[in-house]
Amino acid sequence: MPSPVASAAAPAESPPRHPTRWIILGVICLAQLTVLLDNTVLNVAVPSLNKELGATTADIQWMINAYSLVQSGLLLTAGNAADRYGRKKMLAIGLVLFGVGSVCAGFAQSAGQLIAARAGMGIGGALLMTTTLAVVVQIFDNEERPKAIGIWGAVNSLGFAAGPLIGGTLLNHFWWGSIFLINIPVAVLGLVAVLKLVPESKNPSGDRPDLPGALLSMIGMVAVVFAIISGPDHGWLSARVLGSALVGLLALAVFARWELHTPHPMLDMHFFRDRKFVGAVAGGILVAFGMGGSMFLLTQHLQLVLGYEPLEAGLRIAPLALTAVVLNFSGLAGRLMVKLRTPRTIAVGMTLLAGGLAAISLSGAGSYSGMLAGLIVMGIGVALSMPAMANAIMSAIPPAKAGVGAGVNGTLMECGQGLGVAVLGAVLNSRFAALLPAVAAGAGSLPAALAAARTDADRAAVRDAFATGIQTSQLVGAAAVFAGGLLAGILLGRAERAERAGHPRAQAE
């Protein structure tokens, strides 16, 4: 099964085949799946958290964003640390931190405690996300690496389906904390297997971790997202929102300047002179934006608008990811990429993803049957676009920086998903608040608005306002993904033409 990611990430010399490499791959994929599940598993618990912890919509967004933003801010630094101090060591530490954070999240007594625990889990998740791919590259030779990384990549798609499904199953039988405690046996099993089976590998001459860069990037992303989340409640022109946005933009600007001058940058900013890298970055962020935001909206749509139980909602989201998994495992997506070439594959894939989102918004408002076709189309788009963009990122970065490439790829996914939840959630909140009847004005969530409603007509108006808010948010996500596909396709097409003309790095002037 060909994988478009492997070739660029492979080191110059092929390592010998490790005797237990496939068992190790299974362990790594299990750890990877656990990290990915926590990007989506919380979505199906939204009604339970609203009820039992009194969480508002903004609280829910922070529970989701605390994990993804901490993880995305640390991915590049975690990759550099793994290269320098040992990938096996960092993988083991990541499993321990992830397990401890899961225990704290499972027994949280307030929204604030859960947000803090999710942030702690994000630290462990960053170590796991970067080291799993590095270990795969280390233990498989050039011949087997495409199949191994193809399986590793398919697990990413599986996480989108399994999160709501596993979360829904647990919530049907246990309390909401069980969605985190299920991580504990996986973390323990993974830790034992890593210590016994995974060989140590490191690059003693690797760059030092860029701690100031990590801090600046985290401050910037958190401040910007805080402004987006706060906008609907406090006003987009309020001092709180504008001040937070200004702090975030300034921190990101300082981060870019620091990376240009530090001898050991977390992200070499000169990569942004490469059209292939810029195109892949733009597309990667917007695909993750659309996927993260759409999963946040879909689970609420299925439960709060259509009235499905958590498990039923998880089952109904599964066709999206299962379509992507089947296409990845069959190798069809890889063969299409070879035939269409990377720029066209990304453009087609992101167009399909945008079309699926739009179809769900326009035809799935009142019933699941209208959603199903859109979910399948989205799955096809994900299967085509995500591997092709990962390949573009990895091939734009020198093989010696393959760890940095994996960190960039993971950062885009995590940052894009967090921003998708924040931006589309903010659109939902604004539209919902604008359409609420007077009796429920100022309510911070659908349950609060329904509690304030006095008549059946008021309750119907509240539900219609929420459904309209979700529909508007999905259309905004579809437009963003479509625009990203066009931008990525154009930039990558120009880069490929420049390479064929004799400019292998295809640097923009």
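Is Gly-407 buried or exposed in this predicted model? At 0% relative accessibility, Gly-407 counts as buried, where buried means under 20% relative accessible area, exposed over 50% and partly exposed in between, for a 1.4 Å probe and protein chains only. The model is predicted, so local features were required to have a pLDDT of at least 70 and side-chain atom pairs a pLDDT of 80 or more, while totals for chains, interfaces and linings use all residues. Residues are numbered from 1 along each chain as its sequence is written, and side-chain values use heavy atoms, with hydrogens and water left out.

The chain contains 19 helices and 0 strands; helices (H or I, at least four residues) and strands (E, at least two) are DSSP runs, numbered from the N terminus. Of its 509 residues, 58% count as buried. Among contacts between residues at least 6 apart in sequence, 83% join residues at least 24 apart, a contact being heavy atoms within 4.5 Å.

The average pLDDT of the chain is 78, and 86% of the residues score at least 70; pLDDT is the predictor's confidence in each residue, from 0 to 100. Confidence is lowest in helix α1 (residues 6-9), with a mean of 38, and highest in helix α11 (residues 239-261), at 90. The pLDDT is below 50 over residues 1-12, a stretch that has 38 contacts in the model beyond near neighbours in sequence. It is also below 50 over residues 504-509, for which 15 such contacts are present.

Gly-407 is located in helix α17. When neighbours within four places in sequence are left aside, Gly-407 is in contact with Leu-75, Leu-76 and Thr-130. The C-alpha atom of Gly-407 is separated by 7.9 Å from that of Ala-78, although these residues are 329 apart along the chain. A further buried position is Ser-217, with 7% relative accessibility, which is placed in helix α10 (residues 211-234). Beyond its neighbours within four places in sequence, Ser-217 is in contact with Gly-73, Leu-252, Phe-255 and Met-266.

The largest nonpolar core comprises 77 residues, of which Leu-49, Met-63 and Leu-114 touch the most other members. Such a core is a set of buried Ala, Val, Leu, Ile, Met, Phe, Trp, Tyr and Cys residues joined through side-chain atoms within 4.5 Å. Helix α6 (residues 111-139) gives the most to this core, contributing 13 residues. Apart from neighbours within four places in sequence, the contacts of Met-63 are Leu-42, Leu-49, Leu-53, Ala-55, Ala-111, Leu-114, Ile-115 and Arg-118. A second, separate core of 50 residues includes Met-269, Ala-288, Leu-302 and Met-389. In soluble globular proteins, nonpolar side chains tend to be buried together.

A search of the whole structure identifies 2 aromatic pairs. Rings of Phe, Tyr and Trp (its six-membered ring) pair if their centres lie within 6.5 Å; planes under 30 degrees apart count as stacked, over 60 as edge-to-face and the rest as tilted. The ring centres of Tyr-67 and Phe-98 are 6.4 Å apart and the planes stand at 65 degrees, so this pair is edge-to-face. Because Tyr-67 lies in helix α4 (residues 57-85) and Phe-98 in helix α5 (residues 87-106), the pair ties together parts that are 31 residues apart in sequence. Tyr-67 is buried at 0% relative accessibility, and Phe-98 is buried at 2%. Phe-432 and Phe-466 also form an edge-to-face aromatic pair, with 5.4 Å from centre to centre and 90 degrees between the planes. Phe-432 belongs to helix α17 (residues 402-435) and Phe-466 to helix α19 (residues 456-500), so parts 34 residues apart in sequence are tied together by this pair. Both Phe-432 and Phe-466 are buried.

Charged side chains were also examined. Arg-316 lies over the face of Tyr-368, at 5.6 Å from the ring centre; the criterion is that NZ of Lys or CZ of Arg is within 6 Å of the ring centre and within 35 degrees of the ring normal. The structure holds 1 salt bridge, defined as a side-chain nitrogen of Lys or Arg within 4 Å of a carboxyl oxygen of Asp or Glu. This salt bridge is formed by Arg-459 with Asp-456, whose closest N and O atoms are 2.7 Å apart. Both residues lie in helix α19, 3 residues apart, about one turn of the helix. Arg-459 is partly exposed, with a relative accessible area of 25%, whereas Asp-456 counts as exposed at 60% relative accessibility.
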